Amino acid sequence: MRIEEIKRVLSEFMLFKELDNYELTKIANISIAREWKKQSYVFLQGDPLENVYFIYDGKIKVYKSDIHGKEQIVAIMKKGEMFPHVGFFRKGDYPAYAEVLEPSTLIAVPILKFESVLIEYPELCIKVFKVLGEKIVDLQNRLEEQILNNTYEQIIKLIIRLAQKHGKALEDGTIQLKSEFTNRDLASMIGTTRETISRTLTKMKKDELIEVDDHGDMIVDIEILMEEINLI
């Protein structure tokens, strides 16, 4: 990928939207574009923290693993997102694994070189902090869900969150959520079991809170799900 193409791609990210051509060129000159195959790893948990990645195309699963090999999915990242968010302001190792779920094109920005650019353009720090602030709010909300809500409520809120982020709006106002997330994935996202997810989704279908089409895709109405939470 040529420098001009990297500049065009980076300019679409919120972090760099307001940079002028000269500033974008500074970032593009230190960036590296690379394609990744499905089921490969961008980095492993514990690897030296060297780059922050911007997704031009594809899908990445970021997850943690404990000493027993149990997964905890942190996020499913797609086009237009960056990871890890802590990269620019954290020293040490990558805090999680980043697995490629489908063929992806990523732009890597070396952290040390980016810090030099920040010193030259301190206003860029404000934009970085804004992006990080939004991520922190999302993580706080998810933590509150685990502390304050029972498992049923957590599952409903998870479906709402996934529908808003990954779903496709249909003409009737509902959202189609592709069957790309297994019950195991859903369980890993909120720290429950696959069996609990399966039982809960079966109950929700029976109660007509969600539908599943012939392709196995979930059809959800966010207003109905929100009403269900408020009634609990």
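The dialogue below takes the whole chain before single residues.

Tutor: Keep in mind that this is a predicted model.

Student: What makes the radius of gyration of the protein agree with a compact globule?

Tutor: For 232 residues the globule rule gives a value near 17 Å, and the protein has 19 Å, which agrees. The C-alpha trace spans about 55 × 45 × 35 Å along the principal axes.

Student: How many helices and strands are there in the protein?

Tutor: The protein has eight helices and ten strands. Of its contacts with a separation of 6 or more, 70% join residues 24 or more positions apart.

Student: Which residues touch the most other members of the largest nonpolar core?

Tutor: That core has 42 residues, and those with the most contacts to other members are Phe16, Val42, Tyr53, Phe54, Ile60, Phe83 and Phe114. Setting aside residues up to four places away in sequence, Val42 touches Trp36, Tyr53, Ile60, Phe83, Ala98, Val100 and Leu106. There is also a second, separate core of 28 residues, which includes Ile159, Ile190, Ile197 and Ile229.

Student: Phe13 is in a loop. Is Phe13 buried or exposed, and how do you know?

Tutor: The loop in question runs between α1 (3-10) and α2 (21-29). Buried means under 20% relative accessible area. Phe13 has 6%, so Phe13 counts as buried. Beyond its neighbours within four places in sequence, Phe13 is in contact with Phe54, Ile55, Gly80 and Glu81. Glu153 lies 140 residues from Phe13 along the chain, and their C-alpha atoms are separated by 33 Å.

Student: What is the class of Ser188, buried or exposed, and which value decides it?

Tutor: The relative accessible area of Ser188 is 8%, so Ser188 is buried. Ser188 is found in helix α6 (residues 183-190). Leaving aside neighbours within four places in sequence, Ser188 is in contact with Glu71, Gln72 and Ile73. Ser188 and His85 are 103 residues apart in sequence and 20 Å apart in space, C-alpha to C-alpha.

Student: Now Asp172: which class applies, buried or exposed, and why?

Tutor: Exposed means over 50% relative accessible area. Asp172 has 59%, so Asp172 is exposed. Asp172 sits in the loop between β7 (168-169) and β8 (175-177). Asp172 and Ser188 are 16 residues apart along the chain, and 31 Å separates their C-alpha atoms.

Student: Which value has phi of Glu208, and what makes Glu208 exposed or buried?

Tutor: Phi of Glu208 is near 60°, again a positive value in a residue other than glycine. Its relative accessibility is 66%, so Glu208 counts as exposed. Glu208 is in the loop between α7 (194-206) and β9 (210-212).

Student: What kind of peptide bond joins Phe83 and Pro84, and which angle goes with it?

Tutor: The bond joining Phe83 and Pro84 is cis, with omega about -15°. Pro84 is in the loop between β5 (82-83) and β6 (97-110). Phe83 is one of the residues that touch the most other members of the largest nonpolar core.

Conventions: Residues numbered from 1 in each chain as written. Predicted model: local features only at pLDDT ≥ 70, side-chain atom pairs only at ≥ 80, totals over all residues. Heavy atoms only, no water. Helix = DSSP H or I, 4+ residues; strand = E, 2+ residues; numbered from the N terminus. Rg over C-alpha atoms; globule rule 2.2 N^0.38 Å. Contact = heavy atoms within 4.5 Å. Core = buried A, V, L, I, M, F, W, Y, C linked by side-chain atoms within 4.5 Å. Buried < 20%, exposed > 50% of the residue type's maximum accessible area, 1.4 Å probe, protein only.
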